[in-house]
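Me: I am new to this structure and would like a close look at a single chain. Please keep the account plain.
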Amino acid sequence: MMGPVSMIVLTLAAVTFSVIAILMSKAVLKGSVNKQKLEPYECGIPTTGKTWIQFNVGYYLFALIFLIFDVELVFLYPWAVVVKKVGVLALVEIIIFFFILFLGFLYAHKKGALKWS
Amino acid sequence: MISFSEIASSVHQWLNSHLSPAWVLTVEMVIVGVAAIALFALLGLVLVIMERKVAAYMQIRLGPNRVGPKGMLQSTADTVKLLVKEGITPAGADKFMFNLAPFIAMITAMLLLAPLGFAKDFQIWDLNIGVLYVTAVSSLSVIAILMAGWSSNNKYSLLGAMRSGAQIVSYELSAGLAIMTIVVLTGSLQLSEIVESQRNGWWIFKGHLPALIAFVIFIIAVTAETNRAPFDLAEAESELTAGFHTEYSGMKFALFFLAEYINVFTVCAIGATLFLGGWMPFHIGNWEGFNHVMDYIPSSIWFFGKTFFLIFVIMWFRWTFPRLRIDQLLDLEWKYLLPISMFNIILVTVIAIYHLHG
């Protein structure tokens with residue numbers, strides 16, 4: 001009914017809503033200033049060391065595999081729309097496509113990339 | 001009977017006869033914006049009280065019952081309470097990112113409302129790549145979570161955000177493949193056409209086994225994508241206090257909370273549109289009388305009824321399954337759901353090519 005302009009409208013609506021909510025809260029608020037209040041919340045114990053440190057590489061591996069499969073998903077969209085028109089050829093194509101992908105998947109599995117450690 | 005589409009078109013005509021085209025567009029933009037905000041706030045309040053009531057009755061207790069009739073105004077009272085809470089930005093935090101994250105969460109949640117068909121011929125934007133739009137925009141929500149977790153300067157937040165990131169991107173794959181089965185059956189990415197294709201039966205009934213498998217995978221995947229129990233590792237309160245929004249308080253926390261509930265609503269609405277026929281009424285073969293009675297129920301009630309049924313199912317999960325460990329969670333996706341959904345795509349291709357569906 002509205003076209004692409006609706007994206008701008010909805011973004012503006014979200015921003016307006018959030019800004020009004022935060023400003024309303026600021027207006028009725030009577031805050032107090034104190035140093036301990038601004039410390040990181042770690043259940044009462046003072047925090048040790050830095051927070052922005054190295055973390056488990058496993059997350060990175062999963063992100064990489066995700067990227068491969070996500071691109072695959074994007075390739076599938078145009079295919080999915082024309083399946084009915086193309087017919088049996090589309091079935092053959094998708095089996096070949098998934099076979100190659102599955103080999104890569106098995107390789108990643110064999111290398112232990114899908115195991116959480 | 002008055003329908004939403006008739007109201008919309010009569011408003012459009014009235015505006016066109018009284019104002020110049022540029023003003024008509026402006027006024028309509030304002031109307032849509034205000035309506036979206038109203039829907040947003042209302043849904044937030046309703047879903048919070050629904051969650052608490054469902055939880056209470058599952059555990060054989062009454063739940064909130066003091067504020068308003070049967071406690072129905074409890075979430076409104078909670079919102080007012082959150083309004084007078086201070087929004088703290090911690091000393092070591094990356095202030096710009098920290099304050100930007102709730103806005104991103106809200107914007108992505110709001111943008112997902114655009115292609116939903118709330119009633120017959122009643123959509124904000126009926127774009128021809130609706131399914132692609134939904135998957136694209138919903139995957140942006142992970143950015144808000146990572147931003148919030150990273151910028152908080154808190155180890156709980158960082159861990160929660162990282163877990164949540166790994167989880168959301170993993171389950172996005174099987175959710176995407178489950179959605180793809182319906183695209184294969186319909187041959188269109190437009191949500192209104194997908195609804196139209198279910199006029200003679202919903203896909204979950206006439207799509208045979210693949211549609212059923214896809215529906216189950218879709219529900220599991222969206223439960224994980226919206227970070228809800230049993231996949232709520234990102235905010236596992238017994239280990240990470242509150243996950244990525246540990247440091248958020250006051251209204252900024254409320255915005256995250258609201259965006260989360262709206263995301264639950266949108267994914268359930270997408271599920272209802274793809275598998276349960278959107279605003280299409282329930283028909284049984286050639287039972288004319290029964291079908292006429294079903295047609296009499298407004299299309300918006302059908303849409304919201306199906307959506308809230310799916311929301312109820314997701315809330316039901318929370319009190320049925322214990323929380324998974326992160327390795328179990330990733331195993332479930334990569335070793336079971338993903339291969340099954342890839343196989344399911346091949347199965348559904350066979351059905352689509354030989355026109356075995358109704």
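In chain A, in which element is confidence lowest, and in which is it highest?

Reply: The model is a predicted one, and in chain A confidence is lowest in H2(A), where the mean is 83. Confidence is highest in H3(A), at 87.

Chain A has 3 helices and 0 strands, and from the N terminus on the order is α-α-α. The radius of gyration of chain A is 25 Å, while the globule rule gives 13 Å for 117 residues, so the chain is more spread out than a compact globule. Along the principal axes, the C-alpha atoms of chain A fill a box of roughly 70 × 50 × 15 Å. Of the 117 residues in chain A, 15% are buried.

The helices also take part in the contact with chain B. That contact draws 52 residues from chain A and 65 residues from chain B. On the side of chain A that touches chain B, helix H1 (5–28), helix H2 (58–86) and helix H3 (88–110) each supply at least two residues. H1(A) gives the most to this side, with 17 residues. Sorted by class, the side of chain A that touches chain B holds 40 nonpolar, 8 polar and 4 charged residues.

To return to the question, H2(A) has the lowest confidence in chain A and H3(A) the highest, and both of these helices supply residues to the side that touches chain B.

Notes: Residues are numbered from 1 along each chain as its sequence is written. Chains are lettered from A and ligands numbered from 1 in the order in which they are written. This is a predicted model: local features need pLDDT of at least 70, side-chain atom pairs count only at pLDDT 80 or more; totals for chains, interfaces and linings use all residues. Helices (H or I, at least four residues) and strands (E, at least two) are DSSP runs, numbered from the N terminus. The radius of gyration is taken over C-alpha atoms; the globule rule is 2.2 Å times the number of residues to the power 0.38. A residue is buried if 20 or more other C-beta atoms lie within 10 Å of its own, exposed if 12 or fewer, and partly exposed in between; C-beta atoms are placed from the backbone. Two residues are in contact if their C-beta atoms, placed from the backbone, lie within 7 Å. Ala, Val, Leu, Ile, Met, Phe, Trp, Tyr, Cys and Pro count as nonpolar, Asp, Glu, Lys and Arg as charged, and the others, Gly among them, as polar. pLDDT is the predictor's confidence in each residue, from 0 to 100.
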